Amino acid sequence: MKIFIDTADLDEIKEACSWGVVDGATTNPSLIKRAVDKRGGSVTMESYIREILETVPGPVSLEVIATDAEGMIEQARLLYRKFSPYGEVVVKIPVNPSLDESGRQDFDGLKAIRTLKSEGIPTNATLIMTPEQALLAAKAGASYASPFAGRVDDYIRKRMGMRAGVDFQKGDYFDHRLVKALVRMKLRSLIGKADSISEVYSSKDVREILSTTQDNGIYSGVDLVAKILRIYRNYGYKTQVIAASIRNARQVREVAEVGVDIATLPFKVIKEMVRHPKTLEGMRLFTEDVVPSYKRLFE
Ligand code: E4P
């Protein structure tokens, strides 16, 4: 599995690249804003992005900001032309760039991906929340598809009535297996009370439990990633899946277990991956046990 760093913060990018574990990077307008704010708003964007590209030893996703096909295509060409001399540019295109419910621009992202593919400009279809969106992105010719695992977990948690920042924090692990087990227990008790299976099937309580603990058959962000991978493999799509919106080390393990091509990780999550209390304890014990004759070997 490749690891991309999900940040526009050059300090973080440089540090993580020095560890030898970074294969690429992903940015978005919010990550760029965070990086700019950290530098007190004083960033010369062109040279800043250039430096990111020169630092990262692989693809760097840069996002367009237009929301119509023509605008996105123009911006993608500009980003590609301007920054390709400094590294491997991939243009991030929202799978559905609509800003309202009208549906007028629902297909503009796909249109842009298709045109850019024909021009040889690689794209990363972003903001993917369903396997259906990922299927369309692959058909349109996206080089990468980015399912947002953490945001899907958040969505399901909120449907279950959990409050962000109170009942769960951004980096918390979402234990969808526990949720499934709880649902099963609850359903079993409801089935026990019913006179017939059709009563259970049409029961409002049952339907509510089933619809709030999942998103139309998606049980978690990792489940979303797994389903997309299965669909791509069924039909041999070449689009690579980037597990995005990753919030903790356990999610990284789970997307690796389902065989994702790439996981794009915040700096904090990469740091979390290398830590364990027993590793720390072991290091302390080994250090205490060094005998002088062994130490002298290194002098
Ligand atoms: C993906 O490419 C995005 O940059 C990112 O993973 C979003 O993560 P978030 O949901 O933590 O903002």
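Trainee: What makes E7 and E8 a pair of strands?
Mentor: In this predicted model, two bridges join E7 to E8. The rule asks for at least two bridges, so E7 and E8 count as paired. Their direction is parallel.

Trainee: Which residue of E8 stands opposite Ile242?
Mentor: Ile262 in E8 stands opposite Ile242.

Trainee: Why are E6 and E7 called paired?
Mentor: The same test applies. Two bridges join E6 to E7. The threshold is at least two, so this pair passes as well. E6 and E7 run parallel. Across them, Ala145 stands opposite Val241 in E7.

Trainee: How do you know that strand E1 pairs with strand E8?
Mentor: Four bridges join E1, residues 2-6, to E8, residues 262-265. At least two are needed, therefore E1 and E8 are a pair. They run parallel. Ile5 has Leu265 of E8 as its bridge partner.

Trainee: What do the strands form together, and in what order do they run?
Mentor: They form a closed barrel of eight strands. The order is E1-E2-E3-E4-E5-E6-E7-E8, with parallel pairing. E1 also joins E8 through bridges. From one strand to the next, the twist averages 30°.

Trainee: Which strands does helix H11 lie across?
Mentor: H11, residues 221-235, lies across strand E5 (123-128), strand E6 (144-147) and strand E7 (240-243). The angle between H11 and E7 is about 175°.

Trainee: What are the bounds of domain 1 and domain 2?
Mentor: The domain assignment gives domain 1 as 2-163 + 220-287. Domain 2 is 175-217. Taken over C-alpha atoms, their centres are 34 Å apart.

Trainee: How many residues of domain 1 and domain 2 are in contact?
Mentor: Nine residues of domain 1 are in contact with 10 of domain 2. The two domains bury about 820 Å² between them. Carbon and sulfur atoms hold 47% of that area.

Trainee: Which three residues supply 49% of the area that domain 1 buries against domain 2?
Mentor: Ile156, Arg159 and Met160.

Trainee: Why is the link between Asp215 and Arg159 called a salt bridge?
Mentor: Their closest N and O atoms are 3.8 Å apart. The limit is within 4 Å, so the pair qualifies. The interface of domain 1 and domain 2 has two salt bridges by this rule. Four residue pairs there are in polar contact.

Trainee: Which helices each supply at least two residues of the side of domain 1 that touches domain 2?
Mentor: Helix H7 (149-159) and H11 do. H7 gives the largest share of that side, three residues.

Trainee: How many salt bridges does the structure hold?
Mentor: It holds 18. One of the pairs is Asp11 with Arg39, at 3.4 Å from N to O. That value is within 4 Å, so this pair passes the test too.

Trainee: What makes Asp11 and Arg39 a link between distant parts of the chain?
Mentor: They are 28 residues apart. Asp11 is in helix H1, residues 10-18. Arg39 is in the loop between helix H2 (29-38) and helix H3 (45-55).

Notes:
Residues numbered from 1 in each chain as written. Predicted model: local features only at pLDDT ≥ 70, side-chain atom pairs only at ≥ 80, totals over all residues. Heavy atoms only, no water. Axes fitted to C-alpha atoms, helices over the stretch in contact; angles between N-to-C directions. Contact = heavy atoms within 4.5 Å. Domains from an automatic or database assignment. Buried area = accessible area lost by both parts, 1.4 Å probe. Salt bridge = Lys/Arg side-chain N within 4 Å of Asp/Glu carboxyl O. Polar contact = N/O pair within 3.5 Å; in protein donor to acceptor, adjacent residues only side chain to side chain.
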